[in-house]
Amino acid sequence: MKQILQRGNSRRKGWLAALGPRRLAVGIGALALGAMAAMYPYTPDSTPAPMDALVEHVDEAPSFGINAAVRRVVDGGSYIDALSPGVSWDLPNVRNERVDFWIEFLSGRNADKTRLWLERQGRYAPLIRQALAAEGMPQDLLYLAMIESGLSTKAYSHAAASGMWQFIAETGRRYDLRIDGYVDERRDPVKSTVAALKYLSEMHEDFGSWFLAAAGYNSGENRVARLLRERAGGATGDENLYWVISPHLPRETRDYVPLTLAMAHIAKQPERYGFTDLAYQEPLEYEQVQVPGGVSLAMVARAAGVDEDVVEELNPHLMRGITPPGETWPVRVPLDRGADFAANFERILAETPDPVEYVIRRGETLTHIARRFGVSVDALQSANGGVNPRRIQAGQRIRVPVDGAVVALAEQPRPEPRMQVHQVRRGDTLWDIARRYDVSVSQLRSWNSLSSRSAIQPGQRLRVRT
């Protein structure tokens, strides 16, 4: 994704990756960004009523100490109507040359992707609208999330902005999102929405304008405050101030609000712009169960009686597919599956073999060990906290999830690893070769008596164990 946006503390990120760098560059280049476009405001209609989303907290009898508290997010009967609320607005309804350009882009060259974003409203708009209503914020801020990520929880920019609301790590942590090797709550649609609305609300308090708050979300609140001082005498509290400072904002931010407005125009009246027969995705519905640390989502899915990918999709913030070791963690399962989980999990946990402790020998890789014990590399990684296959070393102890019948295999003599020769090609690096053969760079150096300063040349023959 082309990095063309900047937010908070010199934050750089990309507008929605789905726009694509070439399309976005063409679009921006076609605009006369150096001059103010004339505005053609429509008369705003009444503020749309928030979606009647119902949140229930259901406490069920705990099983073996697991708190089976359930959180449900369901629609209240006006689901489809609320997704396309007609021409009602609670942000200023603006049409100008820049907004019209992005409407044409979103409904033209980008139409296939725009359709997907519109259909994703079905899954995430109820959640976002409910959160906006709870905070007394404009429902139209939903469309900011749509142009940030296309409502994708897994969106990731080249500048390391992640999730539906495209937080960088520093800003995410500032708003209480956990970001570490096991959990990245920027990808959690619930917690990231809470964080994003808090960030936007704080900037609205400072600037008295949602357009200015959006500009601050994109390019940084300090830049917006400085431009207000320099170009508007420090004035705040007027949505039109965005258009006053717009020519002096970074190029990408000048079209951040117009693009959000363009998305709003289309989402409110999709048929008018050629988006008919939208197949809205099902709303996000789940139950939340408490799971011990170090448990794989595959085991949770098995206990709940659903496919693993269903549980993974509900928990995109669990980066390694396991709960963080050493702590109990809330895991989302499909609606009405919490009771199945509570009934089955203790038994499945008891049936799961205790792992074998294994000491890695010189030249071995996770692939070698997985083949030896008849398990998958993924299973090895899950049993060892997502260990990086390229960072294991001789003498390191790992756990192998196998049953007692194969434990004796660890004591049997091991065949010598087979060596093969790789001929270096133009452009090869040790890192490339190590990745190809699933070994580490340090192993390659050891097998070929290379120092950290040694350079490899095209035609050179390297020994590799497989």
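Before the details, the conventions: residues are numbered from 1 along each chain as its sequence is written, and side-chain values use heavy atoms, with hydrogens and water left out. Since we are looking at a predicted model, local features need pLDDT of at least 70 and side-chain atom pairs count only at pLDDT 80 or more, whereas totals for chains, interfaces and linings use all residues.

Let me start with the whole chain. The chain has 19 helices and ten strands, where helices (H or I, at least four residues) and strands (E, at least two) are DSSP runs numbered from the N terminus. Of its 466 residues, 52% count as buried, and by buried I mean under 20% relative accessible area, with exposed being over 50% and partly exposed in between, for a 1.4 Å probe and protein chains only. If we take contacts between residues at least 6 apart in sequence, 71% of them join residues at least 24 apart, a contact being heavy atoms within 4.5 Å.

Now the interior. A nonpolar core here is a set of buried Ala, Val, Leu, Ile, Met, Phe, Trp, Tyr and Cys residues joined through side-chain atoms within 4.5 Å. The largest such core has 72 residues, and those that touch the most other members are Trp165, Leu200, Tyr217 and Met263. Two or more residues come to this core from each of α3 (97–107), α4 (111–135), α5 (142–149), α7 (189–207), α8 (210–219), α9 (221–232), α10 (241–245) and α12. Another core, of 19 residues, lies apart from it, and its members include Val289, Val291, Val331 and Val333. As background, nonpolar side chains in soluble globular proteins tend to be buried together.

Why is α12 described as largely enclosed by the rest of the structure? Because 13 of its 13 residues are buried. Within α12 sits Ala262, buried at a relative accessible area of 0%. Leaving out residues up to four places away in sequence, Ala262 touches Val99, Trp102, Ile103 and Leu106. Ala262 and Arg95 are 167 residues apart in sequence, yet 8.3 Å apart in space, C-alpha to C-alpha.

Helix α5 is also mostly covered, with eight of its eight residues buried, among them Tyr143, Met146 and Glu148. Just after α5, Gly150 takes a positive phi of about 65 degrees. In the loop between α4 and α5 we find Gln139, which is buried with a relative accessible area of 2%.

Turning to helix packing, the axes of α4 and α7 come within 10 Å and cross at roughly 35 degrees, the axes being lines fitted to C-alpha atoms, for helices over the stretch in contact, with angles from 0 to 180 degrees between N-to-C directions. The contact is made by Tyr124, Leu127, Ile128, Ala131 and Leu132 of α4, together with Pro189, Val190, Thr193 and Leu197 of α7.

What about backbone angles? Most residues other than glycine have a negative phi. Asp176, however, has a positive phi of about 70 degrees although it is not a glycine; Asp176 is placed in the loop between α6 (169–174) and α7 and, at 62% relative accessibility, counts as exposed. Asp336, likewise not a glycine, has a positive phi near 70 degrees, and its place is in the loop between β6 (329–334) and α15 (338–351).

I will finish with two residues in other helices. Ala304 belongs to α13 (residues 297–304) and is buried at 0% relative accessible area; apart from neighbours within four places in sequence, Ala304 is in contact with Val333, Arg337, Asp340 and Phe341. Arg436 in α18 (residues 430–437) is exposed, with a relative accessible area of 53%, and touches His422 and Arg425, again not counting residues up to four places away in sequence.
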